[in-house]
Amino acid sequence: MKTPREILLARHRAAAPQLDAIRHAVVNDLSRPTQAGAWPANLAAACLRLLTVPWRELVLPARRVWTALAAVWVLLFVINFSQHNPVSSVTGQPARPQPVMMSWQAQQRWLNELLTDRAAPPDADRPRNSGPGPRTENGEISFV
Amino acid sequence: MPEVSAPEQLPVAQARAGDPAAWNALFRRYQLPIYVFAFELLRDEQAGRDVVQETFLAAVRHLASLREDDKFGSWLFAIAHQKCRQHARKPAEVLFDEVPESPDALDDGPDELLIRREQEAAFMSQLAQLPPSHRAVLLLHFLEDFSLADIARVTETPLGTVKSRLHYAKKALCKLLEADNENTA
């Protein structure tokens, strides 16, 4: 008569050599960091862990949310890019200026004309250089 | 047969200090039970070996999270159980399947189940037919003789559910063995 534990362990005893190999590998890995000159490998492993841990802990658990966010960002980028494109996406022709743009350009032209007309002002329009004289000469100083 | 070491004999404190020999002793003690547990749950040799390796690596990495050294065994099996869930193709179905519990009939079954040599194959076959959630509870009970509270902790299920599953699984096994006895008589 055998106990269930005895039966179970006996059934799988053939796997012992492979399990020994796994154990030795893990224990060897454990003792490796203490060896001299292993610090670059440790540093690399630590850096890799720094990258993989946030990925595993932050990104992977909510990968659907991140995917949705990424899709929204891409969509926003596309919309933003298409608004700045001067070439019409339908006709391939340069896009027509918007009415606001046209009125702004008309105002700019009108302002330029005004400025060129006044580029050489007549002498009468020139401001006089004669400023007010010294205050003491303007009149009598009265003391109350 | 390898005896189940008393928890206080395990060199957990030395392992905490990073002693490779202590880790070697701990792993040697648990490698086969964990493999049996994983294999019987996943029914896959490669997956069983993978679970053993991943469990050992995780144990080395997270030993600081173990608060009571005498709970090392159940802690290690809890890691193994998590790894098994990760390895299961459909975890929600394979390891968390819900079989109707029978909380109304929780009389204790036989504590020490003894199986005759000619019944061994039938025992293994019946074990394989149990739902994985029940099989996990039964394996933890058989392999390490964990308390119900420890099994509940390892499998992350309520204590009442563990009681019910253990009862159901033992009852099913006993029924099979009795039937087998009658057939042979």
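Colleague: Hi! Where is Glu156(B) found?
Modeller: Glu156(B) sits in the loop between α8 and α9 (159-184) of chain B. Helices here are DSSP runs (H or I, at least four residues), strands are runs of E of at least two, and they are numbered from the N terminus. This is a predicted model, where local features need pLDDT of at least 70, side-chain atom pairs count only at pLDDT 80 or more, and totals for chains, interfaces and linings use all residues. Residues are numbered from 1 along each chain as its sequence is written, while chains are lettered from A and ligands numbered from 1 in the order in which they are written.

Colleague: What is the phi of Glu156(B)?
Modeller: Glu156(B) has a positive phi of about 55°, although it is not a glycine.

Colleague: Is Glu156(B) buried or exposed?
Modeller: Glu156(B) is exposed, because it has 11 other C-beta atoms within 10 Å. A residue is buried if 20 or more other C-beta atoms lie within 10 Å of its own, exposed if 12 or fewer, and partly exposed in between, with C-beta atoms placed from the backbone.

Colleague: And which residues are buried in α8(B)?
Modeller: In α8(B), the buried ones are Asp150(B), Ile151(B), Ala152(B), Val154(B) and Thr155(B).

Colleague: OK, next one: where is Asp145(B)?
Modeller: Asp145(B) lies in the loop between α7 and α8 (148-155) of chain B. Its phi is near 55°, a positive value in a residue other than glycine. Asp145(B) counts as partly exposed because it has 13 other C-beta atoms within 10 Å.

Colleague: Changing topic! Which residues touch the most other members of the largest nonpolar core?
Modeller: Of its 52 residues, those are Ile34(B), Phe37(B), Ala38(B), Leu76(B), Ala80(B) and Leu140(B). A nonpolar core is a set of buried Ala, Val, Leu, Ile, Met, Phe, Trp, Tyr and Cys residues joined through C-beta atoms within 7 Å. The largest share of this core, 13 residues, comes from α2(B).

Colleague: What is Leu76(B) in contact with?
Modeller: Leaving aside neighbours within four places in sequence, Leu76(B) is in contact with Tyr30(B), Ile34(B), Thr55(B) and Ala59(B). Two residues are in contact if their C-beta atoms, placed from the backbone, lie within 7 Å.

Colleague: Last topic: how many residues of chain B are in contact with chain A?
Modeller: On chain B, 27 residues are in contact with 21 residues of chain A. α2(B) gives the largest share of that side of chain B, 10 residues.
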